[in-house]
Amino acid sequence: MDTIRKPAGAVPANMPDHAAECRRFRWDEARAALLDAAGGLNMAQLAVGRHARGPIAAKTALRWLGKAGACCDIGYAELDALASRFANVLASLGLAAGDGVFLLTGRIPALYYAMLGALKHRCRVTPLFSAFGPEPIATRVTLGAGKLLLTTSSLYRKKVEPVRASLGSLQQVLLLRDDEAPLPPGTLDLEALVAEASPDYTVAHTAPDTPALLHFTSGTTGKPKGALHVHEAIVAHIATGRLALDLKPDDVYWCTADPGWVTGTSYGILAPLACGVTLVVDEADFDAERWYGILQRERVSVWYTAPTAVRMMMRAGTAAAQAHPCPALRFIASVGEPLNPQAVRWGLEAFGLPIHDNWWQTETGGIMVANYLSMDIRPGSMGKPLPGIEAAVLQRQPDGGVQPVPDGAEGELALRRGWPSMFRTYLNEEERYRKCFAGDWYLTGDLARRDADGYFWFVGRADDMIKSSGHLIGPFEVESALMEHPAVHEAGVIGKPDPVVGEVVKAFVALKPGVEASDALRRELLGFARQRLGAAVAPKEIAFAPSLPKTRSGKIMRRLLKARELGLPEGDTSTLEAT
Ligand code: AMP
């Protein structure tokens with residue numbers, strides 16, 4: 001078995017022994033340690049409020065790096081005061097607990113203090129990708145009954161004004177002015193309101209199950225759904241931040257995800273602030289040179305990113321990495337898509353550190369399965385369940401029940417309910433929510449295997465699986481094999497309906513820069529895949545594509561590849577990244 005052994009690190013791990021921590025850990029204890037005297041718990045209070053009156057009040061909470069080169073440090077007490085001002089603005093505008101607040105901005109400080117302020121005021125917050133167009137914005141604001149929207153004046157003009165009349169629930173629009181034009185009618189000036197508001201705000205009793213965040217899933221295979229999370233989710237953010245990301249108070253931490261994706265909220269705002277680290281926020285989009293510069297200059301010690309970003313950095317070559325030594329970097333983790341073994345090992349080449357894959361989804365609210373600092377890595381495996389998380393590989397039964405499958409066999413990844421960051425419903429789709437459970441098990445919709453040592457291996461989304469000549473084939477396995485070829489940058493694999501074998505495996509391949517597509521290369525790749533996967537699993541067809549369609553969070557949209565292949569309507573493409 002291919003294993004990356006872990007020598008003892010310079011910094012001892014928060015969790016030196018995974019098995020021992022699993023035996024010891026209890027969610028009710030973790031929760032009890034955070035409850036206030038009245039049995040309440042508020043995310044923003046735990047993320048910034050308590051630090052603002054403690055020993056790290058003056059410490060930098062957020063180091064903001066602007067697109068155009070600006071840099072600004074915001075301390076814990078200052079961030080808390082800004083959040084309180086925003087909470088007071090909400091109160092003065094008549095917003096009450098439970099009201100929907102939508103945030104549509106780039107990664108700018110206002111997004112961070114507004115989210116924390118809205119949480120203090122017990123509103124239900126939805127951050128949206130600023131790259132969304134008018135349609136996806138309108139759909140989500142309507143579904144989530146948004147009462148207040150915060151955006152910038154330029155985004156408002158481009159994306160909200162055209163659909164504003166259709167947004168019946170929306171009562172207030174706050175604009176951060178980023179142009180010279182006068183404020184459009186029906187909007188208010190955010191900065192003026194924040195400046196006038198008091199920096200003191202008393203958080204009312206927040207029961208642990210008070211709604212806090214509404215996140216729309218990225219929808220790689222279907223229409224987005226609104227997953228509702230509650231304030232006590234922060235108990236899991238803190239525990240997983242410590243155990244899976246090994247966050248320690250002295251860390252400088254960078255999560256590259258946008259808060260429009262759940263990763264950018266749970267681990268791009270809440271977990272790191274609650275753990276008291278310094279959080280780096282970069283406003284700009286991906287650029288390999290810029291990212292290396294940030295890792296080096298900001299002395300990032302813990303870095304949480306995604307496989308697409310890793311692959312783009314790999315594409316830029318190891319010379320770029322070697323030109324930017326990062327001695328402060330001590331832990332790298334990735335989430336969102338399978339991390340192929342080559343990418344895990346590339347971390348060793350580029351930074352002297354392997355990349356630690358971990359697994360979770362919008363619905364779970366926090367990391368559920370992970371590779372840990374103190375645990376050997378089996379490249380290609382997503383690791384072992386977090387302490388407090390019982391994961392299993394199950395088979396659905398015709399009677400609606402579930403049965404475990406033996407180690408090594410494929411089945412659906414399931415989690416026993418009861419962890420604090422579990423979603424509490426799909427908004428307005430209670431029936432759909434109920435269908436995710438079989439008894440006490442939450443069925444994730446992902447297929448996986450567990451090996452005899454307890455490591456979990458991702459197989460694919462249950463609804464992405466390809467059935468060819470009686471074989472069940474996971475696209476990821478095929479993509480991963482193709483990506484081992486030196487000419488391949490990325491691959492997306494689908495099943496193409498076929499009257500004889502059911503579906504044939506078809507791969508879309510984006511090549512590395514400088515590599516020319518040709519029939520000879522196509523044949524070579526077909527042979528390469530056949531050698532690694534066998535004829536039953538290897539693709540029968542390969543098409544070259546300049547790039548692959550992806551969601552804003554970087555997931556390959558196989559559904560879209562398939563729709564395009566078959567000339568079908570593309571369905572909901574609202575989360576699609578411009579390609
Ligand atoms: P989202 O809710 O948008 O974060 O998407 C969650 C889905 O992304 C999961 O159900 C998986 O299908 C996929 N995913 C997330 N992390 C991983 C990972 N480490 N390995 C494989 N798939 C992953």
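Reader: What volume does the second largest cavity have?
Author: The second largest cavity has a volume of about 80 Å³. This is a predicted model, where local features need pLDDT of at least 70 and side-chain atom pairs count only at pLDDT 80 or more, while totals for chains, interfaces and linings use all residues. Residues are numbered from 1 along each chain as its sequence is written, and side-chain values use heavy atoms, with hydrogens and water left out.

Reader: What counts as a cavity?
Author: On a 1 Å grid over the protein atoms alone, a cavity is a set of points where a 1.4 Å probe fits but cannot get out. Lining residues have an atom within 4 Å of a point. Points are joined across faces, edges and corners, and the volume is the space filled by probe spheres set on them.

Reader: How many cavities are there of 30 Å³ or more?
Author: The count comes to five.

Reader: Back to the second largest cavity. Which residues line it?
Author: Arg-311, Met-314, Arg-315, Asn-340, Gln-342, Met-483, Val-488, His-489 and Lys-512.

Reader: Which elements give two or more residues to that lining?
Author: α12 (307–315) and β26 (488–498) do. α12 gives the most, with three residues. Helices (H or I, at least four residues) and strands (E, at least two) are DSSP runs, numbered from the N terminus.

Reader: How does the lining divide by class?
Author: Three nonpolar, three polar and three charged. Ala, Val, Leu, Ile, Met, Phe, Trp, Tyr, Cys and Pro count as nonpolar, Asp, Glu, Lys and Arg as charged, and the others, Gly among them, as polar.

Reader: Now α12 and α14. At what angle do they pack?
Author: About 60°, with the axes of α12 and α14 (residues 341–351) 10 Å apart. Axes are lines fitted to C-alpha atoms, for helices over the stretch in contact, and angles run from 0 to 180 degrees between N-to-C directions. α12 and α14 are therefore oblique to each other. Under 35 degrees counts as roughly parallel, over 145 as roughly antiparallel, 65 to 115 as roughly perpendicular and the rest as oblique.

Reader: Which residues meet there?
Author: Val-310, Met-313 and Met-314 of α12 meet Gln-342, Ala-343 and Trp-346 of α14. Contact means heavy atoms within 4.5 Å. By class, that is five nonpolar, one polar and no charged residues.

Reader: What about α9 and α10, what's the angle?
Author: Helix α9 (residues 233–243) and helix α10 (residues 262–274) pack at about 80°, axes 8 Å apart. That makes α9 roughly perpendicular to α10.

Reader: Which residues of α9 and α10 meet?
Author: Ile-234, His-237, Ile-238, Thr-240 and Gly-241 in α9 meet Ser-266, Tyr-267, Leu-270, Ala-271 and Ala-274 in α10. The classes are six nonpolar, four polar and no charged.

Conventions: 1 Å grid on protein atoms, 1.4 Å probe; cavity = no way out; pocket = protein on both sides within 12 Å on 5 of 7 lines; lining within 4 Å.
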